[in-house]
Amino acid sequence: MRRGKMFIICGPSGVGKGTVAGALMARDPDLYFSVSATTRTPRPGESDGVHYHFLTMEQFETWIAEDQFLEHAAYVGNRYGTPKKFVDEAMEQGRDVLLDIEIQGAAQIHEKRPDAVRIYIAPPSWEELERRLLGRGTESIEKVRSRLARGKEEFNAAKDFDYFVINDTVDHAVEEIQAIMTAEHCRPAERIGMIDR
Ligand code: ADP
Ligand code: 5GP
């Protein structure tokens, strides 16, 4: 059986990563979404174990000490990490895995798992990004500013990614990401072993 592949989506806060990830999952129930751990407080509508595992700082430190994370990073005042076990189990079952993580975490995974595919999601413009982030209404104005500043700082790193997708409409972004997933499974390294000789 083929092993699943790891796909990482990264991009500035408010660009629509969560929205696009939700739409991808709805179109392909076999895709496994990696539920991260975080120390930030839940937003309205977010539930524990579905959007995130919401941990105290102490619990987060314990998970680190127990080596439960594939990667972890600090982001605008909070900690975030990818639990290793579920991701590996899903890939062993042949499922593709989708990670919505920030840029330091993506760099850590690139070191450990160089075959993970990194997709940068960009907004159509910075004005539109600000509109989306403000429109979501989940952060204070100071936090919105910090997140926008962080997004602009990190934009330089986008050129090192494997793919660059502009989230103009959700449908368009989803179609491009699905095309990337299909193409990645057509690489010789993925396919040659499937042929009897
Ligand atoms: P992220 O997970 O990257 O922080 P979200 O998925 O929470 O971003 O999206 C931020 C806001 O932008 C949400 O209110 C969402 O509904 C909206 N949004 C996402 N994608 C689009 C899009 N293509 N066009 C317009 N609004 C969008
Ligand atoms: P938010 O607070 O808006 O949900 O997420 C803030 C940032 O943390 C986003 O860029 C998101 O991709 C990132 N993030 C979410 N989970 C993880 C994770 O497990 N590891 C890392 N490194 N970043 C994460």
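Residues are numbered from 1 along each chain as its sequence is written, and chains are lettered from A and ligands numbered from 1 in the order in which they are written. Because the model is predicted, local features need pLDDT of at least 70 and side-chain atom pairs count only at pLDDT 80 or more, while totals for chains, interfaces and linings use all residues; side-chain values use heavy atoms, with hydrogens and water left out.

View 1. Rolling a probe the size of a water molecule over the atoms shows where empty space is left. A pocket is found on a 1 Å grid over the protein atoms alone, as an open set of points where a 1.4 Å probe fits, with protein on both sides within 12 Å along at least five of seven lines; its lining residues have an atom within 4 Å of a point. Grid points are joined across faces, edges and corners, and a volume is the space filled by probe spheres set on the points. The largest pocket holds about 910 Å³ of space. Its lining has 43 residues, and Lys17, Gly18, Arg43, Tyr52 and Asp100 lie nearest the centre. Two or more lining residues come from each of α1 (17-27), β5 (69-75), β6 (78-83), α5 (126-136) and α6 (141-154). Here helices (H or I, at least four residues) and strands (E, at least two) are DSSP runs, numbered from the N terminus. With six residues, α1 gives the most to this lining. By class, the lining has 15 nonpolar, 16 polar and 12 charged residues. In this grouping Ala, Val, Leu, Ile, Met, Phe, Trp, Tyr, Cys and Pro are nonpolar, Asp, Glu, Lys and Arg are charged, and the others, Gly among them, are polar.

**View 2. Ligand 1 in the largest pocket.** Ligand 1 sits in the largest pocket, which means that more than half of its atoms lie within 2 Å of the pocket's grid points. It is surrounded by 14 residues, the closest being Gly14, Lys17, Gly18, Thr19 and Arg136; a residue is near a molecule if one of its heavy atoms lies within 4 Å of it. α1 and α5 each give two or more residues to this shell, and the largest share, three residues, comes from α1. The shell divides into three nonpolar, seven polar and four charged residues.

**View 3. Polar contacts of ligand 1.** A polar contact is a pair of N or O atoms within 3.5 Å. A polar side-chain atom of Asn167 is 3.0 Å from a nitrogen atom of ligand 1. In the side chain of Arg132, an N or O atom lies 3.2 Å from a nitrogen atom of the ligand. Val15 takes part through its backbone, where an N or O atom is 3.4 Å from a ligand oxygen. On its own ligand 1 has 560 Å² of accessible area, and the protein covers 72% of it; accessible areas come from the Shrake-Rupley method with a 1.4 Å probe.

**View 4. Ligand 2 and its surroundings.** Ligand 2 also sits in the largest pocket. Around it are 16 residues, and the closest are Ser36, Arg40, Tyr52, Tyr80 and Asp100. β5 and β6 each supply at least two residues of this shell. The shell has five nonpolar, four polar and seven charged residues. A polar side-chain atom of Arg43 lies 2.8 Å from an oxygen atom of ligand 2. Arg147 also has a polar side-chain atom 2.8 Å from a ligand oxygen. A backbone N or O atom of Thr82 is 3.3 Å from an oxygen atom of ligand 2. Taken alone, ligand 2 exposes 510 Å², of which the protein buries 95%.

**View 5. The second largest pocket.** About 160 Å³ of space lies in this pocket. Its lining includes Arg40, Pro42, Arg43, Asn78, Lys143 and Arg147. By class the lining has two nonpolar, four polar and five charged residues.

**View 6. Two loop residues with positive phi.** Asp67 is in the loop between α2 (57-65) and β5. Although Asp67 is not a glycine, its phi is positive, about 60°. Val76 is in the loop between β5 and β6. Val76, also not a glycine, has a positive phi of about 40°.

Conventions
Polar contact = N/O pair within 3.5 Å; in protein donor to acceptor, adjacent residues only side chain to side chain.
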